[in-house]
Amino acid sequence: MTTTFAPPVMEALPHYQELSPAQMLERAQARYQSLLRRRTVRDFDSRPVDRAVIEHCLLAAGTAPSGANQQPWHFAVITDTARKQEIRAAAEEEERAFYAGRAPEEWLRALAPLGTDASKPFLEEAPLLICIFAQKYGIDASGERFSHYYVPESVGIATGFLISALHEAGLASLTHTPSPMGFLNRICMRPDNEKPVILLVVGHPKAGCQVPVHGGIKKPLEQISSWL
């Protein structure tokens, strides 16, 4: 038996702006130069960030494309001092196990030029943390499960949008991924169908902040692209 579906409701493409070739190149170059200045930082100033700025960055992330437009993400923003302290304690416990033997030698060797270790004071010092959850499946109004599609890809794209938006707003960020991350469901009070995938640390860089030279070395165009 073949199931038939109603045709989609269509509309004229909204808000599209045609640019000249010169304008296109100018914008592409400007965006590249802006993102080239983005660096991951680990030393954050504790001064607060306007909630409206973060909310608009989250709205920007929410415009990302997703499988079947199901938008399988949730962004839990943590500003509460006690919760940040709890997250730091839990994350550092996992990180100590990681550096003490869980991580293979090759992985530790790859991390060495960045100077990372099990101490994560930025989780407490930064004004806010954004825990990004991937919704493994949806739950409808009747409580029934339904499938989500291309969840890792969709959440990854939305995360990229968010990091870019935060940078354009003048904020620094750090992607932190303690493993395992299940403790974040409890702390952020998120349901079982959501899996924490990234803990994004957000704020202003601390005065005198330094970053590892290695982190600014990016592969050249010929190594990251090909034309067929």
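A residue is called buried when its relative accessible area is under 20%, exposed when it is over 50%, and partly exposed in between, with a 1.4 Å probe and protein chains only. The model is predicted, so that local features need pLDDT of at least 70 and side-chain atom pairs count only at pLDDT 80 or more, while totals for chains, interfaces and linings use all residues. Residues are numbered from 1 along each chain as its sequence is written, and side-chain values use heavy atoms, with hydrogens and water left out.

Glutamate 92, which is part of helix α3 (residues 81–102), counts as buried because its relative accessibility is 12%. Leaving aside residues up to four places away in sequence, glutamate 92 is in contact (heavy atoms within 4.5 Å) with Ala118, Ser119, Lys120 and Pro121.

Helix α6 comprises 18 residues, 151–168, and spans 26 Å between its first and last C-alpha, close to the 26 Å expected at 1.5 Å a residue. Among the buried residues of α6 are Val151, Val155, Leu162 and His167, and the buried residues of this helix pack against α1 (21–36), α2 (51–61), β1 (73–78), β2 (128–135), β5 (172–176) and β6 (194–203). Just after α6, glycine 170 adopts a positive phi of about 90°.

The axes of α1 and α6 lie 10 Å apart and form an angle of about 85°; the two helices are therefore roughly perpendicular, a term applied to angles of 65 to 115 degrees. In this packing, Arg31, Ser34 and Leu35 of α1 meet Ser164, His167 and Glu168 of α6.

Methods. Helix = DSSP H or I, 4+ residues; strand = E, 2+ residues; numbered from the N terminus. Expected span 1.5 Å × (residues − 1). Axes fitted to C-alpha atoms, helices over the stretch in contact; angles between N-to-C directions. Parallel < 35°, antiparallel > 145°, perpendicular 65-115°, else oblique.
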